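Colleague: Please show me the model, and then let us go through the fold by question and answer.

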Amino acid sequence: MSKIAIIDIDNTLWQFSDPFYLELKKINRNFPTPDQWFTSDIWEGYCTEVDFIAAINSIHHNQDSDRYKPYPESQEFLLSLKEHGFHIILASHRMPTTRQPTERWLARHRLPYDELHLSLDKTVLFPKADVVVDDAPRTLEKAIESGALGAGLLFPWNMAYAGNGFGLFQNLNEVLDYIRKSSSGKRWQSQ
Ligand SMILES: [Mg+2]
């Protein structure tokens, strides 16, 4: 039976925070820059939560824009997981109505995967997960609680959680190394 890797999209396969900041700056030009995003409620004092969510949705509905590029390592990262027997579920916290632009973006950039899960609660997938890659600290904590290996890219909003049982790294090559060296990795090498 193949092992299951659940891989986030935003701030995992591409730098969502950059276009997000540009959207937020349209709402309030004083919005802090992403290097100051230390919590998940960064809109407080700058815009309403409704505006904040609308900005997220507008990017997701335009996911297939020419401006939105995956990280250079993303394709190779997913290919390596696949070659080593992982069943890849891309899981993004986004509206199911954004499926078409999301699928077009994945196809355009040749990002391989087996399933695409778009919902507002990806943790429903975690009981069957061997590996979860995500940048949201709460999500990684839930992955660890479910017994999965957790890892992600290091950002201001998760750096305070480093050392909480999951690995945070500078790029996806380092995430891949971490997965390979983990206990799940040992199982993968023995196959
Ligand atoms: Mg993310």
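Modeller: Helices (H or I, at least four residues) and strands (E, at least two) are DSSP runs, numbered from the N terminus. This is a predicted model, in which local features need pLDDT of at least 70, side-chain atom pairs count only at pLDDT 80 or more, and totals for chains, interfaces and linings use all residues. Residues are numbered from 1 along each chain as its sequence is written.

Colleague: In what order do the elements of the protein run from the N terminus on?

Modeller: The secondary structure comes to 7 helices and 6 strands. From the N terminus on, the elements run β-α-α-α-β-α-β-β-α-β-β-α-α.

Colleague: What is the order of the strands in the open sheet?

Modeller: Two strands pair if DSSP finds at least two bridges between them. Strands β1 (residues 3-7) and β4 (residues 131-133), for example, pair in the parallel sense over 3 bridges, and A5 stands opposite V131 in β4. The open sheet has 6 strands with parallel pairing, in the order β3-β2-β1-β4-β5-β6.

Colleague: Which strands stand at the edges?

Modeller: An edge strand here has a single partner strand, so one side of it is left without a neighbour in the sheet. The strands in this position are β3 and β6 (167-169).

Colleague: At about what angle to β2 does helix α3 run?

Modeller: Axes are lines fitted to C-alpha atoms, for helices over the stretch in contact (C-beta atoms, placed from the backbone, within 7 Å), and angles run from 0 to 180 degrees between N-to-C directions. Helix α3 (residues 74-83) lies across β1 and β2, and its angle to β2 is about 140°.

Colleague: What radius of gyration does the protein have?

Modeller: The radius is taken over C-alpha atoms, and the globule rule is 2.2 Å times the number of residues to the power 0.38. With 191 residues, a compact globule would have a value near 16 Å, which agrees with that of the protein, 16 Å.

Note on methods
Contact = placed C-beta atoms within 7 Å.
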